[in-house]
Amino acid sequence: AGDRAARAVEVRLAPGEERMIDFFMVRPGGVLPDDTVLFERGDHVWRVDTAGVQALDLTSDLQGAHRSPTWNGNRTEFAFIQRIPTRTQVLTRHPDGSPSRTIVDVPDSASQLRWALDGRQMVYTHAAHHPDRGLVTELSWLDSYTGVQKELVGGAEERIQIASLIRHDLT
């Protein structure tokens, strides 16, 4: 989107605790807007300004644990995984934390949610048991408009196509 490119980076927050943070890196000559960094803390999704001065809890009014926040391509919404007893789902919210929409229920093991820059498609990982391979991590595609989901188990060509949807080059 414009002069920004997205990257996901794994960081250590505390000994033994790991989280994914979705943030935007600026291309040469670009401008990093305020309030761009989303992160998880205390089972909630937070937003912090680029100076790291003002943090805002965006999901304090919701039950459960909130994981894997990710911005849409034009940054008008962010999506995240909400886990409450007996239900795991993908929700979206506006940058100020106001409710947007519930997209769909997903497997309890869903994680690593990422929103493609097209603002429509998302991917996430989840655990699945296959009789011949045992417990494996699967990649699933999700249409954020319709809620339609598809397990991505195709060959190299399909995986390259999906990777191109979620990859955001700095060049």
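Predicted model: local features only at pLDDT ≥ 70, side-chain atom pairs only at ≥ 80, totals over all residues.

**Entry 1: the overall layout.** I read off the elements from the N terminus on, and they go β-β-β-β-β-β-β-β-β-β-β-β-β-α. That comes to one helix and 13 strands.

**Entry 2: whole-protein totals.** I looked up how much of the chain is tucked away: of the 171 residues, 41% are buried. The protein exposes about 9,100 Å², and carbon and sulfur atoms supply 53% of that area. I also checked the contacts between residues at least 6 apart in sequence, and 33% of them join residues at least 24 apart.

**Entry 3: a sheet.** In what order do the strands of the open four-stranded sheet come? I get S10-S11-S12-S13, and the pairing is antiparallel. The edges are strand S10 (111-115) and strand S13 (149-152), since each of these pairs on one side only. Neighbouring strands here are turned by 30° against each other on average, with direction ignored.

I then went to one pairing in it. Strand S12 (residues 134-143) and S13 run antiparallel, joined by four bridges. I looked for who faces whom, and Trp 141 stands opposite Lys 150 in S13.

**Entry 4: His 66.** I picked this one from strand S6 (residues 65-71). Is His 66 buried or exposed? Its relative accessible area is 0%, so His 66 counts as buried, the cut-off being under 20%.

The backbone oxygen of Asp 43 lies 2.9 Å from a polar atom of the His 66 side chain. The backbone oxygen of Gln 63 also lies 2.9 Å from a polar atom of that side chain. Asp 43 turns up again in the contact list for His 66, which leaves aside neighbours within four places in sequence.

**Entry 5: Pro 85.** Now for a loop. Pro 85 is found between strand S7 (78-84) and strand S8 (87-93). Its relative accessible area is 69%, and the cut-off for exposed is over 50%, so Pro 85 is exposed. I also took a distance from here: the C-alpha atoms of Pro 85 and Ala 65 are separated by 9.8 Å, with the two residues 20 apart along the chain.

Terms used
Residues numbered from 1 in each chain as written. Heavy atoms only, no water. Pairing = 2+ DSSP bridges. Helix = DSSP H or I, 4+ residues; strand = E, 2+ residues; numbered from the N terminus. Axes fitted to C-alpha atoms, helices over the stretch in contact; angles between N-to-C directions. Buried < 20%, exposed > 50% of the residue type's maximum accessible area, 1.4 Å probe, protein only. Polar contact = N/O pair within 3.5 Å; in protein donor to acceptor, adjacent residues only side chain to side chain. Contact = heavy atoms within 4.5 Å. Areas by Shrake-Rupley, 256 points an atom, 1.4 Å probe, with all protein chains shown as cover.
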